[in-house]
Amino acid sequence: MEKLRNYRFGFELWHLELITGLVLIISSCRYILLKTWRYFAESSDTANKQILSSLQPYDYLVVAFLPGMSEELLFRGALLPVLGFDWKSVIVVSTLFGVLHLGNGRKYSFAVWATFVGIVYGYATIMSSSVIVPMASHALNNLVGGLLWRYTSKSLE
């Protein structure tokens with residue numbers, strides 16, 4: 001119970017390195033998938049058009065940070081501690097996270113991606129004992145992905 005009590009919002013300086021690494025790895029993997037997996041690129045583009053095309057640049061901050069924070073509070077902040085800090089729980093929570101990313105133009109390829117990212121965030125939560133790490137990483141990855149789409153997408157032309 002002590003670990004559960006101390007885990008949620010703890011932050012240490014080395015967490016910044018972990019967050020930076022997660023953003024670099026996840027954003028790079030997403031970029032590679034967008035260039036190599038047509039179904040993932042189409043699914044992402046459809047969802048991005050629906051959500052992002054009418055936004056102004058500063059709106060991306062809200063759209064990036066609110067879901068990143070709220071989803072991580074739910075999945076890594078509430079569900080993971082209830083199920084336990086082990087790999088089985090990470091897989092269960094991440095699969096649910098992936099499935100709930102279906103819809104609004106996002107197809108199975110996006111759910112697979114979200115499941116993978118959920119596993120990474122789950123591991124980061126366990127490793128850091130902090131929900132702040134996946135929250136910050138998720139929000140920053142959303143921001144990077146959204147801005148890259150805005151400034152590189154042919155859909156906006």
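A salt bridge, as the term is used here, is a side-chain nitrogen of Lys or Arg within 4 Å of a carboxyl oxygen of Asp or Glu. Arg-38 and Glu-42 make one of these, with their closest N and O atoms 3.1 Å apart. Keep in mind as you read that the model is predicted.

## Salt bridges

How many salt bridges does a search of the whole structure find? The search turns up three.

| Salt bridge | N to O distance |
|---|---|
| Arg-38 and Glu-42 | 3.1 Å |
| Asp-45 and Lys-49 | 3.6 Å |
| Arg-76 and Glu-72 | 2.7 Å |

Start with Arg-38 and Glu-42. They sit in helix 3, which covers residues 38-52, and because they are four residues apart there, about one helical turn separates them. Glu-42 is partly exposed, with a relative accessible area of 39%.

Helix 3 also holds Asp-45 and Lys-49, again four residues apart, or about one turn of the helix. Lys-49 has a relative accessible area of 38%, so it counts as partly exposed.

Now move to helix 4, residues 59-83. Arg-76 and Glu-72 are four residues apart in this helix, so about one helical turn lies between them. Are these two buried or exposed? Arg-76 comes out at 1% relative accessibility, so it counts as buried. Glu-72 is buried as well, at 0% relative accessibility.

## A charge without a partner

Next, have a look at Arg-106, in the loop between helix 5 and helix 6. This residue is buried, yet it has no salt bridge. Which side chain of opposite charge is nearest to Arg-106? That would be Glu-71, which is 6.2 Å away.

If you skip the neighbours within four places in sequence, Arg-106 is in contact with Ser-43, Ala-47 and His-101.

You'll find Ser-43 in helix 3, and its relative accessible area of 2% makes it buried. Which residues does Ser-43 touch, leaving aside its neighbours within four places in sequence? Its contacts are Gly-105, Arg-106, Lys-107, Ser-109 and Phe-110.

Not counting residues up to four places away in sequence, Ala-114 touches Phe-97, Gly-98 and His-101. Ala-114 has 3% relative accessibility, so it is buried.

## Out on the surface

For a view of the outside, find the nonpolar surface patch formed by Trp-14, Trp-87, Ile-91, Tyr-123 and Met-127. Together these residues have about 510 Å² of accessible area. Which elements give two or more residues to the patch? They are helix 5 (87-99) and helix 6 (108-128).

Take Met-127 as one member of the group. Met-127 is placed in helix 6 and is partly exposed, with a relative accessible area of 38%. Residues in a patch need over 30% relative accessible area, so Met-127 clears that cut-off.

Follow the chain on to Ser-129, in the loop between helix 6 and helix 7 (132-152). What is the phi of Ser-129? It is positive, at about 55 degrees, although Ser-129 is not a glycine. Most residues other than glycine have a negative phi. Ser-129 is partly exposed, with a relative accessible area of 24%.

## Distances along the chain and through space

Ala-114 and Leu-33 are 81 residues apart in sequence, and their C-alpha atoms are 12 Å apart in space.

The other pair is Gly-77 and Thr-152, which are 75 residues apart along the chain, with 34 Å between their C-alpha atoms. Gly-77 lies in helix 4 and is buried, with a relative accessible area of 4%.

Terms used. Residues numbered from 1 in each chain as written. Predicted model: local features only at pLDDT ≥ 70, side-chain atom pairs only at ≥ 80, totals over all residues. Heavy atoms only, no water. Patch = residues over 30% accessible without salt bridge, like charges linked within 9 Å, V, L, I, M, F, W, Y side chains within 5 Å. Areas by Shrake-Rupley, 256 points an atom, 1.4 Å probe, with all protein chains shown as cover. Buried < 20%, exposed > 50% of the residue type's maximum accessible area, 1.4 Å probe, protein only. Lys, Arg positive; Asp, Glu negative; His and termini not counted. Contact = heavy atoms within 4.5 Å.
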